Amino acid sequence: MVKVLISDKLSPLAKEIFEKRGIQTDQIVGMTPEELIAKIPEYDGLAIRSATKVTPEVLAAAENLKVVGRAGIGVDNVDIKAATANGVVVMNTPFGNSITTAEHAIAMMFAVARQIPQANESTHAGKWEKSKFMGVELTSKTLGVIGCGNIGAIAADRALGLKMKVVAFDPFLSQERAEEIGVEKVELDELLSRADFITLHTPLTDSTRGIIGKDAFAKMKDGVRIINCARGGLIDEEALKEALDSGKVAGAALDVFAVEPAKENALFGHEKVVATPHLGASTTEAQVNVAVQVAEQMADYLLDGAVTNALNMPSVSAEEATRLNPYMKLAGELGSFAGQLTENALQKIQIEYQGDVTELNIRPLTAIVVEGLLQPLMDSVNMVNAMAIAKERDIEIIESKNEGEGDYHTMIKVSVTTDKQTRSVAGTLFADRRPRIVEVKDIRLEAELSHDMLYVTNEDLPGFIGALGTVLGDAGLNIATFSLGRAAEGGEAIALVSIDQPASDEVLAKVQALPHVRQVKALKF
Ligand SMILES: NC(=O)c1ccc[n+]([C@@H]2O[C@H](COP(=O)([O-])OP(=O)(O)OC[C@H]3O[C@@H](n4cnc5c(N)ncnc54)[C@H](O)[C@@H]3O)[C@@H](O)[C@H]2O)c1
Ligand SMILES: O=C(O)[C@H](O)COP(=O)(O)O
């Protein structure tokens, strides 16, 4: 039975959905890394928020794990490289909490503009410090949005509704999209020098870490206010403290911190800092959205092979997954066949898709061909990491589509170039949706692959078939199917023989010694 572990606090709807779809689900929140490592081998799926750290050690122990589902956006708590290497798909829910988080940023902007938390605390303490809490208006002020993706764009939209002027810095924001949102696209330095409020909405990457540091503060207006509801590492916290102490920055509203959970932080207790404990996504609505979405996505993948919102795999819809399944088998067999025939360093893989298959999403098919091809070279290759491994090894991958039908209504042809030669193998699906090999080295034949096969190339001369049958019969090997093809009369011929047991080295040597045999190989599928 398929099993999922929920290791963070998720809406109970997630468990309900998993169980309704026949997936056994355990929820264990607050495990230590060691406890998670001990528990994870049992599970096919792991559903998390930001608290669980999916480290290389956790992934190494996760021998049955197929998918990590993040009920939320940020996946900086998941080692995606290690997940990919282990064949684990990582998915998130990129939109479910965006409105909620943008609203939190706006709430934090109001809070820091009017010192609402400080005034609240003072009022509860019976101090009535009316003159202490002088605020600023938002109307007509300039908001600088750093990172104008899903959340940044919603925050900008809400700020425009508050009659603010919005400037945005985002290297990937097009002029058209900026106009559509209603923001002015500017460079970072211009944003820093013009903004009265700055709100951050980028992921934490090597290029965004510390994007707001000493240099950035120096370029800002005096009295600027900073809001961060994205990731703690975007702001250099030491530099922020100095800027607050000097009065350069009039206030900061922070939902996220460099180290979380943040029990201690140099900014805590600062009178100009408003802080919340990573609450950006914490609304009833957002938590329902992300929990339902992650459970559906994970169940779709575990049960039907459909891939949605994955960070390390191309998307495949449920309907596509059903149509793709027989092609996945064909692509896997072609890749494996070509891989087992390839003895030298791979340089180029060409995959031609012809006829019906061109209507489908070919990216997963290509990934599975490449996986099959690399499998004889390395155990650790899988569909998730195959393309990355090929790239690392400078293997060129060329895909082409020919929508017209050839001799078959659908065909996939894999050609592999090594430093010595180019070899090809092609296959189709018959009406029973079962794969058939229909061409090897441009020689036509028709073979269904089975667990143990013999691949024999020989000269097309009389006596070969009988001699081969005798060798196999003498060895007690039953022939299940026998497929033959030849380039031309008397030219190169290929035999693909399905046998009920594997052939020993001795049998292979005897076949190799037969007159006219050029090459024999035992293949496994
Ligand atoms: N506080 C919370 O609870 C909470 C909730 C949800 C999301 N988040 C975080 O908010 C952030 C934004 O989420 P999103 O859904 O809007 O992501 P998104 O991918 O839709 O948008 C991010 C934007 O940042 C831009 N960007 C990337 N590098 C940049 C750079 N160097 N400079 C400027 N812009 C850059 C991208 O082009 C993109 O437009 C993420 O870090 C996410 O983890 C926090
Ligand atoms: O990236 C996100 O989605 C947010 O940081 C929310 O994190 P959380 O699910 O731990 O609240």
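In what order do the six strands of the open sheet with mixed pairing stand? Keep that in mind while you get oriented, and we will come to it at the third stop.

**Before you start**

This is a predicted model, in which local features need pLDDT of at least 70 and side-chain atom pairs count only at pLDDT 80 or more, while totals for chains, interfaces and linings use all residues. Residues are numbered from 1 along each chain as its sequence is written, and chains are lettered from A and ligands numbered from 1 in the order in which they are written.

**Stop 1: colour by domain**

Give each domain its own colour: domain 1 (3–94 + 285–304), domain 2 (98–275), domain 3 (315–441) and domain 4 (450–525). These bounds come from an automatic or database domain assignment.

**Stop 2**

Select ligand 1 next. It is surrounded by 31 residues, and the closest are G74, G147, G149, I151 and G280. A residue counts as near a molecule if its C-beta atom, placed from the backbone, lies within 6 Å of it. The shell around ligand 1 divides into 14 nonpolar, 14 polar and three charged residues. In this scheme, Ala, Val, Leu, Ile, Met, Phe, Trp, Tyr, Cys and Pro are nonpolar, Asp, Glu, Lys and Arg are charged, and the others, Gly among them, are polar.

Now show α5 (98–114) and α7 (150–161), each of which supplies at least two residues of this shell. The helix that gives the most is α7, with three residues. Helices (H or I, at least four residues) and strands (E, at least two) are DSSP runs, numbered from the N terminus. With your domain colours still on, look at where ligand 1 sits: domain 1 and domain 2 both give residues to its shell, so ligand 1 lies between them.

Move on to ligand 2. The residues around it are R49, S50, G72, I73, G74, N97, H278, G280, A281 and S282. By class, that shell has two nonpolar, seven polar and one charged residues.

**Stop 3: the six-stranded sheet**

Here is the reply to the opening question: the order is β14-β13-β15-β16-β17-β18. The edge strands are β14 (396–402) and β18 (443–447), each pairing on one side only. Two strands pair if DSSP finds at least two bridges between them. On average, neighbouring strands of this sheet are turned by 20° against each other, direction ignored. Such angles are taken between axes, which are lines fitted to C-alpha atoms (for helices over the stretch in contact), and run from 0 to 180 degrees between N-to-C directions.

Zoom in on strand β13 (residues 346–355) and strand β15 (residues 410–418), which run antiparallel and are joined by nine bridges. Pick Q350 and you will find S415 as its bridge partner in β15; Q354 stands opposite M411 in that strand. Then follow β15 into strand β16 (residues 422–429), an antiparallel pairing over six bridges. These two strands form a hairpin with three residues between them, and V416 has R423 as its bridge partner in β16.

**Stop 4: the five-stranded sheet**

Select β2-β1-β3-β4-β5, an open sheet of five strands in that order with parallel pairing. β2 (24–27) and β5 (89–91) stand at the edges with a single partner strand each, so one side of each is left without a neighbour in the sheet. The twist averages 15° from one strand to the next. Strand β4 (residues 67–70) pairs with β5 over three bridges, and V68 stands opposite V90 in β5.

**Stop 5: helix pairs**

Show helix α1 (residues 12–20) with helix α12 (residues 284–304), whose axes come within 8 Å and cross at roughly 25°. That makes α1 roughly parallel to α12, because angles under 35 degrees count as roughly parallel. Their crossing is right-handed, meaning that the near helix is turned clockwise from the far one by less than a right angle.

**Stop 6: two backbone details**

Most residues other than glycine have a negative phi, and most peptide bonds are trans. Select S140, in the loop between α6 (116–124) and β6 (142–146): S140 has a positive phi of about 70° although it is not a glycine. Finish at the peptide bond from E260 to P261, which is cis with omega near -5°. P261 lies in the loop between β11 (249–254) and β12 (273–275).

Conventions
Parallel < 35°, antiparallel > 145°, perpendicular 65-115°, else oblique.
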